[in-house]
Amino acid sequence: MRTIDKLIAPHIKLAAVLVKRAPTLTLDFDARRKSRLAATLDDGEEVALVLPRGTVLRDGDVLVAQDGTLVRVVAAAETVLMVRARDVLTLTRAAYHLGNRHTPVEVGTDYLKLEYDPVLADMLKRIGASVEQVSLPFQPESGAYGGGHKHGHDETFAEDYALAQQVYGEHHGHEHGHSHDHGHAHTEGHAHSHDHGGCDASCGHDHDHGKHAYR
C-alpha cells in the first residue's frame, strides 16, 4: 500500500498535463479534514493518507506519494443544505446565527452551504431563509486567522489563539507590558506605580482608576 504524505502548496505551479494525468482521490468534507486516513483512489488502488495534523484538503489540491506519484483531490458530492434569502439582511442574519454555532459554512455571493442538519434547517427557515436539501461538493470557509488549509504546519488551538491575541493587541494599540508614561490612567483592578516626572495634582493628571482619563 502506497503512502501519501505531502501536500503541494497552491503557489507552486505544476504542469497542467501532469495534474490532468494524476490519479484522483474523491473525498467528502469529513474525510478531507482527516490527516490519517485509509482511502481508495478512483482507479481502485488502496492508499494510506498521512498528512500534517490540521490539514484540510480542498478540491483541486495535489498530493504526493512517497514514491513521487501525484494524486489530485476531488471534492465529492454530498448531502448539504443550500441556503438562500430574499434579501441580503436575511442571508447575513443566517450567516451570523450559523457562526454563533461554529458551523462550517461555504459562503457564496448569494448563498450559504452547510452540512445537512434538520435542526439548523428549521432555525434558518424561522428567520426567513429558504433552505433546500441538495447533493453537491462542500468546501466551507477556512478559519478566520488562516486555519483550515495550512501546508505543512500543525494547526492547533494554541496557535490560533496566540494569533488571535496578537491581532487583538495590534488593534487595541497597547499592551500591559509597556511603559505607562503616555498620559493616561488604566483600570486594572490593582494599583499602578506611575512616574509623572515629579508632578503633583497640579499637573492635571486624573488618577481616578475607575475609568480611563485622557488628556
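**View 1. Packing of helix H4 in the predicted model.** The buried residues of H4 pack against strand S7 (77-84), helix H3 (88-100), strand S9 (112-115) and strand S10 (130-137). The structure shown here and in the views below is a predicted model. In helix H4, which spans residues 118-126, the buried positions are Leu120, Ala121, Met123 and Leu124. Viewed down the axis of H4, these buried residues fall within an arc of 165°, so they line one face of the helix. Val119 and Arg126 lie on the other side of H4 and are exposed.

**View 2. The two ends of helix H4.** The N-terminal end of H4 is capped by Asp117, with a side-chain oxygen 2.9 Å from the backbone nitrogen of Val119.

**View 3. The six-stranded open sheet.** Six strands form an open sheet with mixed pairing, in the order S2-S6-S5-S1-S4-S3. Strand S2 (24-27) and S3 are the edge strands, each pairing on one side only. On average, and with direction ignored, neighbouring strands of this sheet are turned by 35° against each other. Strands of a sheet pair through backbone hydrogen bonds, in either the parallel or the antiparallel sense. Within this sheet, S1 and S4 pair in the parallel sense, over three bridges. Ile4 has Leu49 in S4 as its bridge partner.

**View 4. The hairpin of S3 and S4.** Strand S3 (residues 36-40) and strand S4 (residues 46-50) run antiparallel and are joined by five bridges. In this pairing, Thr40 stands opposite Glu46 in S4. The two strands form a hairpin with five residues between them, and Gly44 in the turn has a positive phi of about 100°. In a regular strand the side chains alternate between the two faces of the sheet.

**View 5. The loop position of Ala9.** Ala9 is placed in the loop between strand S1 (2-7) and helix H1 (16-21). With a relative accessibility of 14%, Ala9 counts as buried, because the cut-off for burial is under 20%. Ala9 and Asp61 are 52 residues apart along the chain, and their C-alpha atoms are separated by 8.3 Å.

**View 6. The salt-bridge network that includes Lys34.** Asp30, Arg33, Lys34 and Glu115 are linked in a network of salt bridges. Lys34 forms a salt bridge with Asp30, in which the closest N and O atoms are 3.5 Å apart. Lys34 counts as partly exposed at 38% relative accessibility, and Asp30 likewise counts as partly exposed at 34%.

View 7. A search of the whole structure finds 10 salt bridges. One of them joins Lys113 to Glu106, with the closest N and O atoms 3.4 Å apart. Both Lys113 and Glu106 are buried. Another salt bridge is formed by Arg86 and Asp87, where the closest N and O atoms are 3.6 Å apart. Arg86 counts as exposed at 66% relative accessibility, while Asp87 is partly exposed, with a relative accessible area of 31%.

Terms used: Residues numbered from 1 in each chain as written. Predicted model: local features only at pLDDT ≥ 70, side-chain atom pairs only at ≥ 80, totals over all residues. Heavy atoms only, no water. Helix = DSSP H or I, 4+ residues; strand = E, 2+ residues; numbered from the N terminus. Buried < 20%, exposed > 50% of the residue type's maximum accessible area, 1.4 Å probe, protein only. Pairing = 2+ DSSP bridges. Salt bridge = Lys/Arg side-chain N within 4 Å of Asp/Glu carboxyl O. Axes fitted to C-alpha atoms, helices over the stretch in contact; angles between N-to-C directions. Arc of directions from axis to C-beta. Contact = heavy atoms within 4.5 Å. Polar contact = N/O pair within 3.5 Å; in protein donor to acceptor, adjacent residues only side chain to side chain.
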